[in-house]
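Here is a short tour of one protein model, written for someone who likes cut-offs stated plainly. Have the viewer open as you read.

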Amino acid sequence: MTKKVLIVAGDAVEALEIYYPYYRLQEAGIEATIAAPTKKKLHTVVHDFVDWETYTEKPGYLIEADVSFADVKPKEYDGLIIPGGRAPEYIRLNEHLPTIVRHFFVHEKPVGAICHAAQVLETVADVMQGRKLTAYIACKPSVEVMQATYVESPLYVERNLVSGHAWPDLPGFMREFLKLLHS
């Protein structure tokens, strides 16, 4: 039976953090479904680390959301990936997203959270309490507000959660996510 992975996103999702997992999953024969607040073409952004004290942002490619959060049936999926970018800061406000995310933690299904995805995990702070994860350094306060421990590492795996710092960590992030998905 083909595995199915849900990717939750919205406008201003980091281009590499959605495209890399999306294509990597398909390459491995896994069905990848992109969900967003509404079913539409999403605008991605490209973040880069140049000579600024923070990252720069430029418009990226468009990518189609297959389904709205309201229509997602989490039990149909074997894993969840939460890309970063600026999307997490507003998709976390969607009333359906916490139920989706909680399902994967309650049922110990693999969850991949990279970069600013910690902002989405705040919506299920009770299940994150006491956990350890990494995220983009600017999200360290988000991790700590959940009463979780911020790990100073580009990649961290704890039980069903693979967390990554940012898009340069995608090869290890996806390697570890796929290991969990196939275990």
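## Aromatic rings and a charge

A charge sits over a ring if NZ of Lys or CZ of Arg is within 6 Å of the ring centre and within 35 degrees of the ring normal. Lys-4 is placed over the face of Tyr-77 in this way, 5.0 Å from the ring centre.

Before going further, please keep in mind that this is a predicted model, in which local features need pLDDT of at least 70 and side-chain atom pairs count only at pLDDT 80 or more, while totals for chains, interfaces and linings use all residues. Residues are numbered from 1 along each chain as its sequence is written, and side-chain values use heavy atoms, with hydrogens and water left out.

## The two sheets

Helices (H or I, at least four residues) and strands (E, at least two) are DSSP runs, numbered from the N terminus, and two strands pair if DSSP finds at least two bridges between them. Strands S11 (residues 155–158) and S12 (residues 161–164) are antiparallel, with 4 bridges, and Val-157 faces Val-162 in S12.

Another open sheet has 3 strands in the order S2-S4-S5, again with mixed pairing. Strands S2 (13–14) and S5 (56–64) are at the edges, each pairing on one side only. The pairing of S2 with S4 (residues 41–48) is parallel and has 2 bridges, with Val-13 opposite Thr-44 in S4. Thr-56 belongs to S5. It is buried (under 20% relative accessible area; exposed is over 50%, partly exposed in between, with a 1.4 Å probe and protein chains only), because its own relative accessible area is 10%. Setting aside residues up to four places away in sequence, Thr-56 is in contact (heavy atoms within 4.5 Å) with Val-46, His-47, Asp-48 and Val-50.

## Nonpolar cores

A nonpolar core is a set of buried Ala, Val, Leu, Ile, Met, Phe, Trp, Tyr and Cys residues joined through side-chain atoms within 4.5 Å. The largest one has 31 residues, and Leu-6 and Leu-121 have the most contacts inside it. The elements giving it two or more residues are S1, S7, H3 (97–106), S8 and H4 (118–121), and H3 contributes the most, with 5 residues. Apart from this core lies another, of 30 residues, including Ile-7, Ala-65, Ile-81 and Cys-115.

Which residues does Leu-6 touch, leaving aside its neighbours within four places in sequence? They are Thr-33, Ala-35, Val-72, Tyr-77, Gly-79, Leu-80, Ile-81, Ile-100 and Phe-104. Of these, Ile-100 and Phe-104 are also among the buried residues of H3.

## A covered helix

Helix H7 (residues 170–181) has 12 residues and spans 16 Å from first C-alpha to last, close to the expected 16 Å; the expected span is 1.5 Å times one less than the number of residues. H7 is mostly covered, with 9 of its 12 residues buried, among them Phe-173, Met-174 and Phe-177. The cover includes S1 (4–8), H1 (15–27), S7 (79–82), S8 (111–114), S11 and S12.

## Loops and positive phi

Most residues other than glycine have a negative phi. Cys-115, not a glycine, has a positive phi of about 65°. This residue is in the loop between S8 and H4 and counts as buried because its relative accessible area is 6%.

Is Arg-159 buried or exposed? Arg-159 counts as exposed because its relative accessibility is 52%. It sits in the 2-residue turn of the S11–S12 hairpin, with a positive phi of about 50°. Glu-108, following H3, also has a positive phi, near 50°.
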